[in-house]
Amino acid sequence: MRPRRFFIAVQDFPGDGGGTVPRGSLLSQAGDPPAPGRPFWATLLETDVAVHVPARAVQPLSKDQAGMLQAGSAAGKGFTDGSFRGQKFFSCQENCGVFVPVSRIEPDEEAEGSTPMAPRGSRRACPRVQLATGDPLNSPALELGDRVVFKMDDSTPTGIVVFCDLLPNKEMAGVFVGILLDQPVGSWDGKFKGHSLCHFPSPEYGILLPICKVQKEEADEGPKVLSNDPPVGLLDDPPSPTSIRYPPRPERRSQPGSPSSLLTGDRAEKGKEEAEEKELPLPQLEVNSMVEVHDPPIYGVIRWIGEPLDVGETIAGLELEDPLPSGCTDGIYRGVRYFQCPPGKALFVRLRHCRPDARFGAPQPAENPVQRCNSLDFRVYASERVPEDTPPVLGEEGGQRLTGWKKGIQGHCNSCYLDATLFCMFAFSSVLDSLLLRPADKNDAASYEETRDLLRTEIVNPLRKHGYVCATKVMSLRRVLEAAGHSPGFTCEEKDPEEFLTLLFRVLKVEPLFKIRSVDQDPQGCIFYQIFTEGGAGGAGRGVPTVQQLLEGSLAAGDLKFTEAPSCLILQMPRNGKDYKAFPTILPSLDLDLTDLLEDTPRECCLCQALALYECPRCYGDPGIVGGSLRQYCDICCRQVHRHRARRCHQPRALRLPPELALQPPPAGPPPRQTMHLFAALCIETSHYVAFARHGPRRDQWLFFDSMADRLGGENGFNIPQVTPCPEVADYLEMSPEQLQTLDPKSLLPCARRLLCDAYMCLYHSPTLGLYK
């Protein structure tokens, strides 16, 4: 056998799946020793994942050293600090304790002073454990003709075993017993799902029970009185030599890698079975909930909850306490891995068929998430207050400062819309810092300074200086906005980014970011502009539109213009809420040209590039005219274009230009262009908001932010934010719409797919105008 070598990571290094292997991780490597100074492949002991290890990042360990360190490597893999359902049983660090049945506990033979384990096949000297329900894998030994007794309300009926086997098409439920009763207290005719299993003189003399509910009647003592909870047999109990042998659980024919479960089998029979089963109200279950399924119950812990594409409802992936001989995997369902566990212990069932583990009493009530979001409960996740003004740090330094786990803004209680919006606005741009700096005046309420200082010192400055903000700070902002804006629900409900921006600007009394108006109408101040489409104007009807095309088409359809060039422009994509999208894919324009969308700004003729003097809204998007989508002309080109019989009814109008242009000779070159640059994007997928932000001038300097990327603990646990580099999005952003149109959205890399297919808001800024505006 090849020798096994152990190592410990002495510094963080990148993993192969895009994550980071943290310092202190334990690794093992089988085979010949790695060459000095050369990278090598090793396996993380904690996850069994193979990683490529830089030699400088690890130090070797002896087997004894690795053993001592590994003993503590399970810290944090539990689910309790010694409390269960609100009652304290023992004390340990958070998520370092577990509650398990006594039958699952064995002595550590290698530990000093431990009790030696009994030889295989012998009985251990430990008492039988009374559980609330029986264990279907350790049932009492019975054979046909045995006298049995069972508990029914306050009585103990008796009878004879006439059936003892698995039920047709319900093998996973375990062995059931059909009993011919001594007294007419039953209600079973011997049939199950159309199959005749046994015969009774009348249904009153028949009953079908799980085998764990039945107990042999001892002839010398008469009928035996049962307790409410039958004892569970020990795992090592040998079967009785006179007992019948139950057939093994049959293998179900299923797709490769597909565990047999409530999800497989004959669909018509399954539908009939589900209709006959009693539907229970859906309990509050989530990942790490301890549950039971079937009757008699099988116990396990929920490791995954989701909706596979081929099922159509919510499914739970359970890690069972004990492996089943068939029908289970190691966490794979239909060829897809959803979690990792030992072989034979992963069972996938419908979530509505799960119920809380009855052995541990009633489920723990969830705490109030708003009241719980305080500095005491979140002390481990606290972030610092930074009173001094802190500009954003760009480039490599800024990217490294914000990259990693527990970076960005921690999410809590439906806050992702706010977390992602704040990250977009302030992480790497100062164009909106005017919200943080206006001095209070006599017309401001007390809430103004509280909101401004909270946003500046507790959120924006700490984010830029330390790269992290705790959820308690965001909750404080939500409380202030809810009270000052008289807007209920901001502390707990799902909101939209536009609701947050509108309320924030109103409470802080900030001037609109830009003004827009139609011809001869008064200008209207706006914080963001929602793009709408009419008939695919501007070439956006087919294929993949760009934000440039969508903005031009939307303004042209409404005959709108910006009154002046803005320093910041927030554009909301054409979609309706969280579900409906006008386009499956939108290409965010890296540079947004506003020159032809501004009033009183010199523009060039779309045909000859001379100074434009006229524009014609009805010519917009005319495929018969070469040039751009927007139509502005010099005097000669305007007359020439409108000689065409299809355009003679058009009514071009003179452009409003600065008076001094009429007194000067024609410019030697084209007029200057007013452009803005994409610096962030807000995206939404299934009610969850995430963000992309550019942290430097290089094309590949993009970061992806998720305020709820992971979670520690159950319903009363904590979200862990993460910021990850995503340089690959640059390749897609620089594609032409025609190139992007040839790609299947499903083939896009994950981050690029979220940016291009789930864009909700694109944020642009003008670094030049931002210096004084």
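Student: Which residue in the turn of the hairpin formed by β40 and β41 has a positive phi?

Tutor: This is a predicted model, in which local features need pLDDT of at least 70, side-chain atom pairs count only at pLDDT 80 or more, and totals for chains, interfaces and linings use all residues. Residues are numbered from 1 along each chain as its sequence is written, while side-chain values use heavy atoms, with hydrogens and water left out. Strands (DSSP runs of E, at least two residues) and helices (runs of H or I, at least four residues) are numbered from the N terminus, and β40 and β41 form a hairpin with five residues between them. The turn residue with a positive phi, of about 95°, is Gly713.

Student: Which residue of β41 is the bridge partner of Phe705?

Tutor: Two strands pair if DSSP finds at least two bridges between them, and β40 and β41 pair in the antiparallel sense over seven bridges. Strand β41 (residues 718-725) also pairs with β24 (residues 404-405), which runs antiparallel to it and is joined by two bridges, with Gly404 standing opposite Val723. In β41, the bridge partner of Phe705 is likewise Val723.

Student: How many of the residues of strand β41 are buried?

Tutor: A residue counts as buried under 20% relative accessible area, as exposed over 50% and as partly exposed in between, with a 1.4 Å probe and protein chains only. Across the 773 residues of the protein chain, 45% are buried by this test. Strand β41 is mostly covered, for of its eight residues the number buried is seven.

Student: Over the ring of which residue does the charged end of Arg372 sit?

Tutor: A charge sits over a ring if NZ of Lys or CZ of Arg is within 6 Å of the ring centre and within 35 degrees of the ring normal. Arg438 lies over the face of Tyr448, at 4.2 Å from the ring centre. For Arg372 the distance to the ring centre is 4.4 Å, and the ring is that of Phe718.

Student: By how many degrees are neighbouring strands turned against each other on average in the sheet β6-β5-β4-β1-β7?

Tutor: This open sheet of five strands has antiparallel pairing, and its edge strands, β6 (50-53) and β7 (58-61), each pair on one side only. Strand β1 (residues 4-9) is joined to β7 by four bridges, and Phe6 stands opposite Leu61 in β7. Axes are lines fitted to C-alpha atoms, for helices over the stretch in contact, with angles running from 0 to 180 degrees between N-to-C directions. With direction ignored, the average for neighbouring strands of this sheet is 40°.

Student: Why does Thr329 count as buried?

Tutor: Thr329 is found in the loop between β19 (315-320) and β20 (332-333). Its C-alpha atom is separated by 9.5 Å from that of Gln340, 11 residues apart along the chain. Thr329 counts as buried because its relative accessibility is 13%.
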